[in-house]
Amino acid sequence: MSDPPPRLDGPLPPAALDDPHLQPYARRPEAAQAVAATAMVIGFLGFIGFGVAYWVVANTQWEALTLGVGLLGLGFGVTAWGKYLMPQGPFVEERHEFHSTDAEREALAAAITQRGGLVVKRRKLLGGLFALGSTAMGIVLLFPLLRSLGPKPSKSEAAHGATDTSLFSTNWRKGSQLVAVDGRPVNVDDLEVGGVLTVFPKGFIGNSPDQVILIRLSETLQPLTAPGRTDWGVAGYVAYSKLCTHLGCPVGLYQEQTQQLVCPCHQSIFNVLAGAVPEFGPAPRPLPQLPITLDSAGYLRASGSFDQAPGPGFWERP
Amino acid sequence: MIDATLNWVDDRLGVAKGGRTFLDKIFPDHWSFMLGEIALYSFVVLLATGVFLSLYYVPSAHEIIYHGSYAPLRGQRVSEAYASTVGLSFDVRSGLLMRQAHHWAADIFLGSIAVHMARVFFTGAFRKPREFNWIVGVTMLILGIVNGFLGYSLPDDLVSGTGIRIAYSIIESIPLVGSYLAFFVFGGNYPGSGVIIPRFFIIHVLIVPLILLGMLGAHLGLLVKQKHTQFPGKGKTEHNVVGSPMFPTFMAKTTGFLFMTTAVIFLLGGFAQINPIWQFGQYEPYQISYAVQPDWYMGWLDGALRIMPSWEFVAFGHTIPFEVFLPAVIFPGIIFNILLVWPFIETRHTKDLAYHNLLDRPRDRPKRTAAGAAMLTLLGMTFFASSTDVMANFFNLPLKSVLWFFRFAVVLAPIIAYYVTFKICHEMRDAEGVGKRKRAVIIERTPSGEYHTVPTLERPGDEHHELDAIPVPTYIDLEDPALATGEGVRRVMR
């Protein structure tokens, strides 16, 4: 560069029309115009096509195709116009540094500290009271903003049917009848060996914390899944909470050959024969087991609740 | 006419000087500067299609019987949210196109933000004076991820419902306050009192978009105020910007780009099926399907959850579920905080307090480039770890092996990526002819079998004439006699 570029703040002579900076990029502007015009015509036709597609065909693919062609055509045309036919420069713009002069900075700082100091130092009482009041406002306004949103978690045993505020309770009680999702009570003959069924306590179908996966392991065995659980299974059936102890997904995959329950979300694997202890993956705790028994009519019933609260971990869990 | 209108406005608002400066604003040319524009324009599409969807979507968990035109669902009990989403897909003209375009636009929005951010990072565009804008940008990324999650949760289908269930458990995993927070957000124990869908809806369509719009204004306002960065080149210094003016050249090109971005989104929306919720079915808390994955921008979190060992900490009657809290709360917290404060980390390391308006070539900053590569590798590994089950099936490998591979890879791969990138940068930086314009070479074989490359001669037409940059001329002499005769107009070879 021979000369420094002229500054914008002074009056500049008009640029000559043949100034090279004002020339288009295209070597053959007429050809470029033809390309841009063709694209725009295609775009126009595309939009007309969208109108037709909307009114006549009413089909998603035709609408997308015509709209896409319209937008692409018009977009390509305008871009070509800008890129090949508009002044290309290069043009330059000066930057200005952002920082102010030292005097201006000092003046601002002084305005804040001196004027502020004048007020705060002489009226400490008012300043303190204002701070107190606004802090109180900030805190109490959080109550409706946060506390009104939902109930407090309850750690005590919830009443039957009131599990929506309880961290630990489910609706399983001694004697609760096991029912399938369609409401049918589960009979001892309902499942083949190797079969699984999602069950709920009667009256609470679909209630998330109550979901249980019932598995038939064998025809005759009384499965002992963990020490002390001699009568937790019955007639080859065992029942576990279906809520993964990792993140609460339903543990919906049962592999009969390996006797494993697999959670499809994050691949935690539980050993069905050993109290559903996690064998692999991120789940930290066994699936809680539901003790079950048979009533006189051959229907399955719970003989108690889970051995611990189902689902993922949280602070209050002992 | 134009004069009179402008005078009328200027008498009242005084726009002449600022307006001219705005029209003269210079935009440097580089393909990578378009990445942010993709984000901007997909956001425009998101707003437009989102308004359309909000006219039909019903944010309610209330159960009704489905009676719409999708036969397999008829007679089933579904939530109003689910029924209205299926309804706007099948029973509203253009509805499916708008819904799928909205979903694609969200995926492209976050994708372009990620790539744009990588560009800004690797070229050092976040340095002084642009730290504010970097922070605004990272915040928009976080808000975009949050809003994407909220948005795909709204249809109340099986896949998204599982995602909400996981979100509940993640909130619940926070020590001390987790259960309270989860109860407050969901209005009770999971699945809550039916408030989650209306709440997600209002956050998704009003609160987050409002904040995003404000931040977008700040992002672009700062860009205008601080002006663009530019790559080094002829006549480009730390004290100027060289390129084409806002009006008309940039405006034409960017308008075209808006149209083309929109075109791609709508073509995807019409031809590439996304989130077919009628196949997944209504969410039920006891149902689940195989290969459940979130949208791509949540993958890294899902992967982190999968590879985390089951380290639950139990003591003094309390439980800290580190197997959830660490990968889903602490890990993203650390990542986003590193991103937010990166400009200051770098300044502390380099002690560089100067203004930087010229961009770096990534190879010239080996440590930064290597750090970025390590970060991308870490996130990439956790992203791929979110499909351990699909990979195990596809490659016919034991699930355990795939999981253990990723447990190691997540730690080792970033270290390797750092080292390799660092070495490559050094090699490239020291190589001959770096930064020179590429020219064709002729490969010659000597009689003894050796190969040599010989650069071709520059032909006159290849010569790269770059003019000196001038300020945008205020006036153009349209009465130029040269034009009147059609002679003497200089053609410029470029």
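**Note on the predicted two-chain model**

1. The secondary structure of chain B amounts to 17 helices and nine strands; helices (H or I, at least four residues) and strands (E, at least two) are DSSP runs, numbered from the N terminus. The model is predicted: local features need pLDDT of at least 70, side-chain atom pairs count only at pLDDT 80 or more, and totals for chains, interfaces and linings use all residues. Residues are numbered from 1 along each chain as its sequence is written, while chains are lettered from A and ligands numbered from 1 in the order in which they are written.

2. The C-alpha atoms of chain B fill a box of roughly 80 × 75 × 50 Å along the principal axes. Of its 494 residues, 41% are buried (20 or more other C-beta atoms within 10 Å of the residue's own, with C-beta atoms placed from the backbone). Among contacts in chain B with a separation of 6 or more, 72% join residues 24 or more positions apart; a contact requires C-beta atoms, placed from the backbone, within 7 Å.

3. Chain B is divided into domain 1 (25-337) and domain 2 (361-432), with bounds from an automatic or database domain assignment. Their C-alpha centres lie 25 Å apart. To the contact, domain 1 of chain B gives 14 residues and domain 2 of chain B gives 19. On the domain 1 side, α5 (95-122) and α12 (299-307) of chain B each give two or more residues, and α12(B) gives the most, with seven.

4. Helix α1 (residues 29-57) of chain A has 29 residues and reaches 40 Å from its first C-alpha to its last, close to the 42 Å expected at 1.5 Å a residue; the expected span is 1.5 Å times one less than the number of residues. Which residues of α1(A) are buried? They are A:A36, A:A39, A:G43, A:G46, A:F50 and A:A53, and they pack against α2 (60-85) of chain A. An α-helix has 3.6 residues a turn, so residues three or four places apart point the same way. After α1(A) comes A:A58, whose phi is positive, near 50 degrees.

5. The largest nonpolar core has 160 residues; such a core is a set of buried Ala, Val, Leu, Ile, Met, Phe, Trp, Tyr and Cys residues joined through C-beta atoms within 7 Å. Those touching the most other members include A:Y240, B:A105 and B:F109. Helix α5(B) supplies the largest share of this core, 15 residues. Apart from it lies another core, of eight residues, among them A:F91, B:I26, B:V241 and B:V472.

Notes: Contact = placed C-beta atoms within 7 Å. Buried ≥ 20, exposed ≤ 12 C-beta atoms within 10 Å, placed from the backbone.
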